[in-house]
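User: Could you take a close look at the aromatic ring pairs in this one for me? I'd like a connected walk through them.

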Amino acid sequence: MNNIKSQENKNKVQRFFINNAVPLLFILFAVLAIPMSDLSVEYLIAEMITRLARYSFLVLALLIPVIAGMGMNFGIVLGAMAGQIGLIFVMDWNVMGIPAFFLAIIISMPLAIFLGWMAGIALNHAKGREMVTSYILGFFINGVYQLIVLYSMGSIIPISNSQIVLPRGYGIRNAIDLVNLRKSVDRLIPLEINGIEIPVMTFILVAILCVFIIWFRKTKLGQDMRAVGQNMEVARNAGIPVERTRILAIVISTVLACIGQIIFLQNIGTMNTYNSHEQIGMFSIAALLVGGASVAKASIKNAFVGIILFHIMFVVAPRAGKTLMGEAQIGEYFRVFVSYAIIAIALALHAWRKNKEAEFARRSLRVDADAAGTSE
Amino acid sequence: MMEKIKDFIEAAGWPRLIIGLFLLVLFITAPFVEVNIFTSISDVIVRFGMWGILVLAMVPMVQGGCGLNFGLPLGIIAGLLGAVTSVELQLTGIGGFLSAVAIAVPFGIGLGLLYGVLLNRVKGDEMTIALYVGFSSVAAMSMAWLKLPYKSPDMIWAYGGSGLRTTISVEKFWYHSLNDFWTIQIGEHFYFPTGMILFFALMCLLVWAFFHTKTGTAMTAAGSNPEYARASGVNVNKMRIISVVLSTVLGAVGIIVYEQSFGFIQLYLGPFWMAFPAVAGILLGGASVHKATIMNVIVGTFLFQGILTMTPSVINNIIQTDMSETIRIIVSNGLILYALTRTITIKSAKVKA
């Protein structure tokens, strides 16, 4: 009997490490690399607050498709592109401050809904490989985005502000200075603690989104999504419109990503018209996975822990690389390496964990049978 | 007559037909917009030879049931190691090329084995993970290129900086060593890289022959129906690993052929996106996520590289704008998207029937 108990404890410990392997790895990295980087704690805290404000909304946008069993939605770049098109128009019309922020959201929202709806239909045709498909979808729509922004804006679509149009007369410039709405949301409610600026309003928006997600999970639609995520066939037999539910999950995610991108860009203050959106999917997903999420399960806690751990790595790696290897370039490559490797490892671990979990389940059955056998 | 046309459309498939017609239109319009047709045809043939083996590298993994090889950069890295080592050893000419291949193959086998073992643990999610294996291995190798102890002055920075250069010229070593083998030059503009095309044909033949051996047949069986294959005594996991190793080795050989024609070895983030044109190529040739043939490789590479070569020269001359990059993005990713969303529809149609 004792043997079984100690075995169970051992299993519990093993299970804890398996379930949290990725975040533990990153905590270990942070503990080792922070002293090597020579960065002050104040600097790191300030940096983390900025980055939490910048990325939270985007990372949280990933949660709903996970509930619906569609994995990590690389298609949030679609929402990001919609958001950027909204920002281009706002810059063209010279709207200022908070109205600009809301106007950009209003303009890009229909576009985000449309793109999300399309993506949802595409993913319904690629069940079982949603992630690869949403990833390629991002590239494809990026081509269409270039066609619109680089070739049609200023020629077919009228743009009057010469500040944002390329000198050749059409197409939008590579970098747009978002003077009109730089930090307009962040600084709406000004607050400074120890010289660290706190973007209160942005955090309020993030908090509202968190409440929305918690509430959403309890609604009929949220419950339907969970059912679809667990087993599509069972859900279909229970009368849930599976295809429609999946499309809605992607639409919500895309719209949230669109708002998230606008928040992200108002914080940064300049928009790289052709690059700002490209990395968003990868960074947000890497952050969420670092926070301990998996393809099948992701929580709000995972999002915040992940953003902090991932971005500590991001800030610290080049400096640590310089101290350790005498070269900042190594740290740069290390950063790229970790961002991609972490997704590979987290996905592979998820598959491995699935197998292990099945094994645990079998073992517990066996223990029950053994116990039953001895009592007889 | 109508029946025949219908049959042909069915056999060729709409995407190939549309792209093929588009390519034909480009060739026809070329002379009218002052693009030399002979130069264009030569360019298409050269690029066909450069990409052929890289596209061929997709076949074993698709046939073995591991899906599209988005992890092609891993094979490319093995090829780069071979190429860089042969330059370090100052090997030239066709011998230099062959030794680069000989050095690259063991690296390809080693990396392919690891990659194969990993993919066996993540059945069902191969493509997503392959994508990230490719990306992360390129980044990991970027760190290595900075630190590997290569000494040849042809490859390291002349002053300042450390490690290998981002692009290394092979002009002094084995530049065009295949292209200029039995080369045919007609007039001023037409040029046929016989050696490279022959080498590609040889590789196709080898792969074709492999799939007609006992192992090759077992691999196809393991790919198309793993349960059935297991029941008939095929070691499915072993077959999958062999297919991954083969794909990786072909990727290694392919990149060296590419470089001897291109003239440069591109290190660091160079191989990052190279899987996508290869994937798009084979899909355009009519392959699916589950089935690919040598014919798919040949047709697909020709059409895809044809489009990539012809659109910049022709379209740009017509509309006076360089839209080639955008067109490339839309066409190649559109094709991949089409393939990813198509197969499942066919499957569900079958279920209904």
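Predicted model: local features only at pLDDT ≥ 70, side-chain atom pairs only at ≥ 80, totals over all residues.

**Aromatic pairs**

Analyst: Searching the whole structure turns up 36 aromatic pairs over all chains. A pair here means rings of Phe, Tyr or Trp (its six-membered ring) with centres within 6.5 Å; planes under 30 degrees apart are stacked, over 60 edge-to-face, and the rest tilted. Take Phe74(A) and Tyr135(A): their ring centres sit 5.0 Å apart with the planes at 85°, so this pair is edge-to-face. Phe74(A) is in the loop between α4 (63–67) and α5 (76–93) of chain A, while Tyr135(A) is in helix α7 of chain A, so the pair ties together parts 61 residues apart in sequence. (Helices are DSSP runs of H or I, at least four residues, numbered from the N terminus.) Phe74(A) is buried at 4% relative accessible area, and Tyr135(A), at 10%, is buried too. Buried means under 20%, exposed over 50%, and partly exposed in between, with a 1.4 Å probe and protein chains only.

Now for Phe212(A) and Trp215(A): with centres 5.9 Å apart and planes at 45°, this pair is tilted. They are 3 residues apart in helix α8 (residues 200–218) of chain A, about one helical turn. Phe212(A) is partly exposed at 29%, whereas Trp215(A) is exposed at 53%.

Residues are numbered from 1 along each chain as its sequence is written, chains are lettered from A and ligands numbered from 1 in the order written, and side-chain values use heavy atoms, leaving out hydrogens and water.

Definitions and conventions. Helix = DSSP H or I, 4+ residues; strand = E, 2+ residues; numbered from the N terminus.
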